[in-house]
Amino acid sequence: MLIRQDYAYLPSSEITSESVYQERRALMKLAASAAVLAGSPLLAALGPYQKKSSSLELTPYEQITTYNNFYEFSTDKESPARLAKKFKTRPWTLTVGGEVQKPQTLDIDTLIKQIPLEERIYRFRCVEGWSMVVPWVGFSLASLLKLSGLTSKSKYVEFETLFDPAQFPQQNRTFGTIPFPYREGLRIDEAMHPLTILAVGLYGNELLPQNGAPIRLVVPWKYGFKSIKSIVKITLKETQARSTWHEAGPREYGFYANVNPAVDHPRWSQARERVLGKFFKQDTLAFNGYAKEVAHLYKGMNLLTFF
Ligand code: MTE
């Protein structure tokens, strides 16, 4: 996710062999059951939700929660888990405003109690070339937007992450990082698509801060940078929504950012990807494997131009 040539793109130093991975997996299971027995506050905080099964092999919890892109904390992937330990996720409000009938400010716990939660097992593909499979817990973004009432001017949705330099060390810097607050956007039909969710949990637990607690976007057919974390503000707009990475490097990060093996990043190929915890790479899938569900949204658009 680095835009300039003078930063080295950080390849993962985390290539884990299959046996180490299996061992870790076993340890993880043990640790998880131990935590349940000990009544860890981490677990089972979400209450009832509809669980799902899937043929996809889930990426271990430990890996999803220790290998993170979260530039507000750090530009490397290992530090967010440590630096986010004291991040305050309560009280937390989310505002929905702009071109809507009923602007609202919602308390996160009230929202979680009101909206039925479900598990969504999704592939997740970072623009840097790694991927994972995540059992998110959340609800469709459409169900939230409908509460505010859309109008004929609700054409784009813009999301904004909390701006709080006291908690996010990188927000004190004026250069050497991206501009904050982090913003991302979707076209309204993408936002209303049933695959687009707001996640509040992961593996049945509340999201950890490094994964974007208390609420983050997940758009499974797009590169991971669209899936903005720790959201405080959603604004419906008539004009195109802002996107931090697109503004920082428009040649490298498109507004659409649909996963596409045929459109390379200017500095690396997107044809293959490395699944976290796996040794061998696999082919990247068009729209990250969700083409059947979403390709029609881009009918008639040249995906080389609108990448
Ligand atoms: N959201 C904010 N606010 N800040 C970030 O740096 N990084 C993005 C996205 N959302 C980022 C963000 C990128 S590049 C990726 S790949 C995913 O978060 C990573 O999500 P994960 O750490 O849960 O795997």
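The largest nonpolar core of this predicted model has 79 residues. A nonpolar core here is a set of buried Ala, Val, Leu, Ile, Met, Phe, Trp, Tyr and Cys residues joined through side-chain atoms within 4.5 Å; buried means under 20% relative accessible area, exposed means over 50%, and partly exposed is in between, using a 1.4 Å probe and protein chains only. If you want a way in, look for Leu141, Leu144, Ile215 and Ile234, the residues with the most contacts inside this core. Strand 4 (residues 130-140) gives the most to the core, with six residues. Helices and strands are DSSP runs numbered from the N terminus, with at least four residues of H or I for a helix and at least two of E for a strand. In soluble globular proteins, nonpolar side chains tend to be buried together.

Now zoom in on Leu141. Leaving aside residues up to four places away in sequence, Leu141 touches Phe159, Leu186, Ala191, Thr196, Ile197, Leu198, Leu217 and Ile234. A contact means heavy atoms within 4.5 Å.

A quick word on ground rules: this is a predicted model, local features need pLDDT of at least 70, side-chain atom pairs count only at pLDDT 80 or more, and totals for chains, interfaces and linings use all residues. Residues are numbered from 1 along each chain as its sequence is written, and side-chain values use heavy atoms, with hydrogens and water left out.

On to the charged side chains. A salt bridge is a side-chain nitrogen of Lys or Arg within 4 Å of a carboxyl oxygen of Asp or Glu, and by that rule the count comes to 16. One of them joins Glu57 and Lys278, whose closest N and O atoms are 3.0 Å apart. Glu57 sits in the loop between helix 1 (18-37) and helix 2 (61-64), while Lys278 is in the loop between strand 11 (272-275) and strand 12 (282-283), so the pair ties together parts that are 221 residues apart in sequence. Glu57 is partly exposed at 39% relative accessible area, and Lys278 is partly exposed at 23%.

Next comes Glu252, which meets Arg267 in a salt bridge at 2.8 Å, N to O. Both residues belong to the loop between helix 7 (244-248) and strand 11, 15 residues apart. Glu252 is buried at 12% relative accessible area, whereas Arg267 counts as partly exposed at 22%. You'll find another bridge between Glu118 and Arg120, at 3.2 Å from N to O. Here Glu118 is partly exposed at 25%, but Arg120 is buried at 9%. There's also a network of salt bridges linking Arg90, Asp109 and Glu206.

Arg90 leads us to the backbone. Most residues other than glycine have a negative phi, and most peptide bonds are trans. The peptide bond from Arg90 to Pro91, though, is cis, with omega near -15°. Pro91 has its place in the loop between helix 3 (79-83) and strand 1 (93-98). The bond from Phe180 to Pro181 is cis as well, with omega near 0°, and Pro181 lies in the loop between strand 5 (156-161) and strand 6 (183-187).

Tyr203 is in the loop between strand 7 (197-202) and strand 8 (205-206), and is partly exposed at 29% relative accessible area. Ala257 has a positive phi too, near 55°. Its loop runs between helix 7 and strand 11, and at 2% relative accessibility Ala257 counts as buried.
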